[in-house]
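Open the model in your viewer and keep the selection tool at hand. This tour goes stop by stop, from the whole chain down to single residues.

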Amino acid sequence: MPSLKDLHAFLEALSPLGLQESWDHCGLNLGSLDMQYQHLIISLEATMPLAKQALNHSVILTHHPLFFKPFKTFNPDFYPYNIAQILIQKSCALLAWHTNFDKTHLNAHFAKILGFENLHTEGMALVGAIAPTPLKTLAKSVQDKLNLPYVRYVSASSIISTLAIVCGAGCGYLQELKAMPQNLCLITGDIKHHDAMAAQSMGISLVEVPHYESEKYFVPLMANLLAPIAPNPQLFDCRNALEVVGLSHRSRVVAHGKG
């Protein structure tokens, strides 16, 4: 049977854990590196349906960690302990490759899907100059490339010449800036009201994509990268838990914003 230690070593060489953000909890979340496993499941995250369907002695490789913070009480009535209890009972292990994998692979993969290449890593983002583009044109292009019903944007500059891309929730990149690029737009997810207000005050435009839509490519991308040592993993589609109701015709075809 394959060794979890060998799988962990391959992933470490692929995308070193030392690259993860300080708040992240990548690597081994459940289990022992000394274990051997019979099945490999790749998923965006560990969900209750996945835990119930997983066979005994499986390794689950996710993008999002199951545990982000230390805990003092393990109560299986609550998340994430309800999922962890099932996995423990099945002698399953859980690995997470998150912000380190964003930096080495997923941001670039997502940027390519949006039509951007030759960007460079700058902190947690991919950054680079682009041909001067109207913000609305950029927002509409993102909407079309991802086949989204709408996108939200924050307008601080009508023309964009510098682009930053962060998969998932990436507004923390705004706190990393040492200098203020001209005509910058950050494409990321989970933009909160105060993120939008802060960006606008600094002259930075934002285009929001759903968190799930920016990271769902983790599963097929990771499966392809693992092909040399794990040619037949189970790919689990956790799907987006968020649904939308009541979109008007206007909101389906026009990005939300002023100007």
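Here is what to select, and what you will find there.

**Stop 1: the whole chain**

Start with everything selected. This is a predicted model. Colour it by pLDDT. The mean over the chain is 93, and 95% of the residues reach 70 or more. Now pick out residues 249–259. Here the pLDDT is below 50. This stretch still has 19 contacts in the model beyond near neighbours in sequence. Where pLDDT is low, predicted coordinates should not be read in detail.

Switch to cartoon view. The chain has nine helices and 11 strands. Its radius of gyration is 20 Å, close to the 18 Å from the globule rule for 259 residues, so the chain is as compact as a globular protein of that length. Along the principal axes, the C-alpha atoms fill a box of roughly 60 × 40 × 35 Å.

How much of the chain is buried? Buried residues make up 48% of the 259. Among contacts with a separation of 6 or more, 69% join residues 24 or more positions apart.

**Stop 2: helix 1**

Select residues 4–14, which form helix 1. Show the side chains of Leu4, Leu7, His8 and Leu11; these are buried. Look down the axis. The four cover an arc of only 100 degrees, which puts them on the same side of helix 1.

**Stop 3: an aromatic cluster**

Select Phe67, Phe71, Phe74 and Tyr81. Ring pairs link these four into a cluster. The model has eight aromatic pairs in total. One of them is Phe74 with Tyr81. The two rings are 5.2 Å apart, centre to centre, with 50 degrees between the planes, and the pair is tilted. Are these two partners buried or exposed? Phe74 has 34% relative accessibility, so it counts as partly exposed. Tyr81 is buried, with a relative accessible area of 14%.

**Stop 4: helix 5**

Move to residues 135–145, which make up helix 5. Its buried residues are Leu135, Leu138, Ala139, Val142 and Gln143. The buried residues fall within an arc of 140 degrees, so they line one face of helix 5. Then step past the end of the helix to Asn147. Asn147 follows helix 5 and has a positive phi, near 55 degrees.

**Stop 5: serine 158**

Finish at Ser158. Where does this residue sit? Ser158 lies in the loop between strand 7 (152–154) and strand 8 (159–169). At 56% relative accessibility, Ser158 counts as exposed. Now show what Ser158 touches. Leaving out residues up to four places away in sequence, its contacts are Thr133, Pro134 and Leu135. Leu135 is also one of the buried residues of helix 5. Draw a line between the C-alpha atoms of Ser158 and Pro134. They are 5.6 Å apart in space, yet 24 residues apart in sequence.

Terms used:
Residues are numbered from 1 along each chain as its sequence is written. This is a predicted model: local features need pLDDT of at least 70, side-chain atom pairs count only at pLDDT 80 or more; totals for chains, interfaces and linings use all residues. Side-chain values use heavy atoms; hydrogens and water are left out. Rings of Phe, Tyr and Trp (its six-membered ring) pair if their centres lie within 6.5 Å; planes under 30 degrees apart count as stacked, over 60 as edge-to-face and the rest as tilted. Buried means under 20% relative accessible area, exposed over 50%, partly exposed in between (1.4 Å probe, protein chains only). Helices (H or I, at least four residues) and strands (E, at least two) are DSSP runs, numbered from the N terminus. The arc is that of the directions from the helix axis to the C-beta atoms. pLDDT is the predictor's confidence in each residue, from 0 to 100. Contact means heavy atoms within 4.5 Å. The radius of gyration is taken over C-alpha atoms; the globule rule is 2.2 Å times the number of residues to the power 0.38.
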